[in-house]
Amino acid sequence: MDLKTGLDAFPGIGPARSKALARLGLETVGDLLSYYPRAYEDRTKLHTISNAPADLPVCVSAMVADVPSLSRLRKGLNVTKCRIVDHTGTAQVTFFNQDYVRHALTPGESYIFYGRLEVMGRHRQFTNPVFEREDKTRFTGRIMPVYPLTAGVSNHLLAGLTLPSVEECARLVPDQLPRDICQDHQLCSAEYACQNIHFPVDMEALALAKRRLVFEELFFLSCGMSYLRRRRSGAAGRSFPRRGPEEFFSLLPFEPTGAQRRAMEEVAADLSSGRPMNRLIQGDVGSGKTAVAAFAAWLTHSGGAQTALMAPTEILAHQHFETLQRLLAPARIVVGLLTGGMKAAEKRSVRAALARGDIHLIIGTHALLSEGVDYRDLGLVITDEQHRFGVGQRSALSAKAQTPPHVLVMSATPSPRTLALLIYGDLDVTVIDQLPPGRTPVGTYLVGEDKRERMYGFVRKNVSQGRQVYIICPAVEEGENGDLKAVTAYAKTLSEQVFPDLRVAFVHGKLKGREKEAVMSAFSRGEIDVLVSTTVVEVGVDVPNAALMVIENAERFGLSQLHQLRGRVGRGPWESHCVLVTSNRGAETLERLRYFTKTTDGFKIAEKDLELRGPGDFFGRRQHGLPTLQAADLAGDTRILKEAQQAAAELLSADPDLRLPEHQIVKEKVRRLFSEDGDIFN
Ligand code: ADP
Ligand code: MG
């Protein structure tokens, strides 16, 4: 067995299980070893039935005293029960819907049961414990890993695969950190880390293992980010002549805010500096980042080059296309659109126009990255809602220019500092800390099911005043997830029963590009009163006449996401509202949602969100634009992050291009880390 051994080589792993494992990204022993537990169960101590502490997870060794009996409580609910005994007493064991247990437990045999032991007077009971035969235990006496799972893969199955893999292959895990860095920072070896992250000897060993793995991950990430930054700042860039912003302001339908002016000044300075711009414009939802992007494109056009603007969704790309076309047409700037949903012929003609230089500003989705999209002279790359993209995607787009282009990224998500350091470590930052005048904060309310009728009344009132309404649901189709409001069915109910006299439509991510586009433009033209939608409208969508947002099953959304959603209203001169609907009574949920109703500051909301949910879920997995982090807990690991960043900086200042033979392994690792999205070493 080695790191490349396929998991189907293990006994009991057939095609079905292989497929389930592959869903977790697990195909080889190597994959398995870098698939880290999310928690641990301490099974080092054995208890007796009467001395085991109540209601805590414990291991108990006991003999099965009778033949397990199976009974059917109702459709879909089977119960298997038996009694177990040891020299101190007896306990009842109950399994729900685990019929196989009947044959797995043999009367007269001893097993180790692990679970919570409930104590009610003299009665003791285990519900759904895990168990092993006492003479064949593998996990008792250990600290047992608990892995993230998927359907068809149980924790016992996974642990049963990792145990022999760790025993045989931990020593094969390559030690990729330079030796002196390990020494300076007192990090354990890769082998020790691998053994103890999966099957720790004790809690101290686990802490050591974690420290090493987190350090390693953050170190390579920091190397990659510094490498990107260094390479850019050393490069020569185009210089576009400065032109007074007043001329641009005359195109705008509004007076720019002070913060927008400042941002534009900085952009103008960057573009004329002779070095490639690498700037992040960070501003809360609705702060007016689009105008800054338009200014940058306008300047680039006067400098004789093209601009590409990439947006994370088709809806947003389309909207930018309409806004910017309206804004820039008077300056004779030709704006084009390219999305994956367009017809092949349309795409072809847009690509041809781009290559000829007939399109000055192209707006699109990921489609802009595809092969065959060539520019006559690409001078500026803008990515909107950057947190939705991978770091490498930014560079993939830049790679389409002959000389390094200027790069402008825009993000609404105010990142807590630790995250910002990592995600935007290679960028200069401009903060737009001011909202356009005349905005009134969006009044936010939390209501239960009992207020549903009133909420519908409020929707009606808004529509009768000429406003439009968003209703957000967490699911697309009924049955996807039990009792969640689903867009299609709910839209039907609303239009047939609740609001038969209003214009109700729906939109979600599974519709075709064209269909989405048709609904969204009808909505922005005011032809739809109530738009029922999933979170596809979450980022960037701007329809100022929409003044009410209702969010169903609000408990399903994270705070940052709610904030993004709420940012869709309150964009016009009208009083706007956001109503969160939930039937959840959990104290924590209600506290979280109440916090949201009282806070409008996106930065505070982001910090709270991070604190409550932990970084893994913070932007939704893989939405923070970083390569996937396996070990690093970004919230808790600020100290290790600093250490790792410093180590990376030292290494790169000694060997900026990673040429030294002993650093080849670092270079390779960084290359692979970013390779999902494009090669940063190009
Ligand atoms: P975001 O920063 O969320 O991308 P947008 O650029 O979409 O914000 O701007 C939000 C709304 O505010 C748009 O309708 C835009 O036209 C308007 N807007 C932007 N800047 C100003 C301003 N200085 N004065 C008035 N309205 C503005
Ligand atoms: Mg925007």
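Me: Helices (H or I, at least four residues) and strands (E, at least two) are DSSP runs, numbered from the N terminus. Where does N553 lie on that scheme?

Reply: N553 sits in the loop between β22 and α18 (559-566). Before we go on: this is a predicted model, where local features need pLDDT of at least 70, side-chain atom pairs count only at pLDDT 80 or more, and totals for chains, interfaces and linings use all residues. Residues are numbered from 1 along each chain as its sequence is written, chains are lettered from A and ligands numbered from 1 in the order in which they are written, and side-chain values use heavy atoms, leaving out hydrogens and water.

Me: What is the phi of N553, and is N553 buried or exposed?

Reply: Its phi is positive, about 45°, although N553 is not a glycine. For burial we use relative accessible area: under 20% is buried, over 50% exposed, and partly exposed in between (1.4 Å probe, protein chains only). N553 has 11% relative accessibility, so it counts as buried. N97, however, is partly exposed, at 43%.

Me: How do I read a sheet, and what is the strand order in the one with six strands?

Reply: Start with pairing: two strands pair if DSSP finds at least two bridges between them. Here the six strands form an open sheet with parallel pairing, in the order β18-β23-β22-β19-β21-β20. β18 (443-447) and β20 (504-507) are at the edges with a single partner strand each, so one side of each has no neighbour in the sheet. From one strand to the next, the twist averages 20°.

Me: Which bridges can I look up around β23?

Reply: β18 and β23 pair over five bridges, and L446 has L580 as its bridge partner in β23. On the β22 side there are four bridges, with V550 opposite V579. β23 itself is mostly covered, as five of its five residues are buried. H577, V579 and V581 point one way, while C578 and L580 point the other way.

Me: How are two packed helices described, and at what angle do α15 and α16 cross?

Reply: Two packed helices are described by the angle between their axes and the distance between the axes. Axes are lines fitted to C-alpha atoms, for helices over the stretch in contact, and angles run from 0 to 180 degrees between N-to-C directions. The axes of α15 and α16 come within 13 Å and cross at roughly 75°. These two helices are therefore roughly perpendicular (65 to 115 degrees; under 35 is roughly parallel, over 145 roughly antiparallel, the rest oblique).

Me: Which residues of α15 and α16 meet?

Reply: With contact meaning heavy atoms within 4.5 Å, R452, M455, Y456 and R460 of α15 meet Y490, L494 and V498 of α16.

Me: And what is a nonpolar core?

Reply: In soluble globular proteins, nonpolar side chains tend to be buried together. A core is a set of buried Ala, Val, Leu, Ile, Met, Phe, Trp, Tyr and Cys residues joined through side-chain atoms within 4.5 Å. The largest one here has 59 residues, and F248, V267, L328, L361, I362, I363 and Y375 touch the most other members. Helix α10 (residues 289-302) gives the most to this core, with nine residues. A second, separate core has 31 residues, including V541 and I605.
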